Amino acid sequence: MKTIIASAALLLCATASARNLKITVSDLRSDKGRILWYIHGDARPRQGMEKPESGSVAFSAEDFTADSVTLYLFHDENGNYRMDTSDRGPTEGNAAKKCKLDGERTAVKMNLFYPTQN
C-alpha cells in the first residue's frame with residue numbers, strides 16, 4: 001500500500017512539473033507549403049508540421065520537463081521537406097529561439113526571417 005501511495009505521489013509531482021508551449025508564427029510570406037518545426041532540449045525531442053492559414057500558424061507542444069528548450073522553424077513553401085538554399089544562404093523563411101519554460105504554460109510568438117532573393 002505504501003508503494004502505491006508513493007508511486008501516485010511521484011506521478012502527481014511529475015505531472016505538475018510538466019510544461020506546455022503554445023507557439024504562434026505570424027507575418028508569413030505566403031500560405032503555400034508547411035511550417036516544419038523541431039524542439040530540442042528536453043528528454044524527448046518533438047517535431048511536426050503545420051499548414052499556414054491567413055499568413056500565420058499556431059500550434060502547441062506539451063509535457064516538457066526541461067527548464068528551457070530551443071525551437072527551430074522553417075517555411076517549406078515548395079513542399080520538398082528540406083530547406084532550400086542558394087550561394088547566399090537559405091531561400092525559405094526560418095527562425096530559431098531559445099524558450100524558457102518558467103510557468104505551467106508558456107506562449108511564444110515568432111516571425112520567420114525571409115532572406116531577400118536576388
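I began with strand 2 and strand 5 (residues 68–76): seven bridges join them, and they run antiparallel. I took strands as DSSP runs of E with at least two residues, numbered from the N terminus, and two strands pair if DSSP finds at least two bridges between them. For His40, I found the bridge partner Thr70 in strand 5.

A note on my source: this is a predicted model, in which local features need pLDDT of at least 70 and side-chain atom pairs count only at pLDDT 80 or more, while totals for chains, interfaces and linings use all residues. Residues are numbered from 1 along each chain as its sequence is written, and side-chain values use heavy atoms, with hydrogens and water left out.

Four strands form an open, antiparallel sheet in the order 3-2-5-8. Strand 3 (46–50) and strand 8 (94–100) are its edges, each pairing on one side only.

Then I turned to the rings, and I found two aromatic pairs (Phe, Tyr or six-membered Trp rings with centres within 6.5 Å; planes under 30 degrees apart are stacked, over 60 edge-to-face, the rest tilted). Trp37 and Phe59 are stacked, at 4.8 Å centre to centre with 20° between the planes. Trp37 lies in strand 2 (residues 34–40) and Phe59 in strand 4 (residues 57–64), so this pair ties together parts 22 residues apart in sequence.
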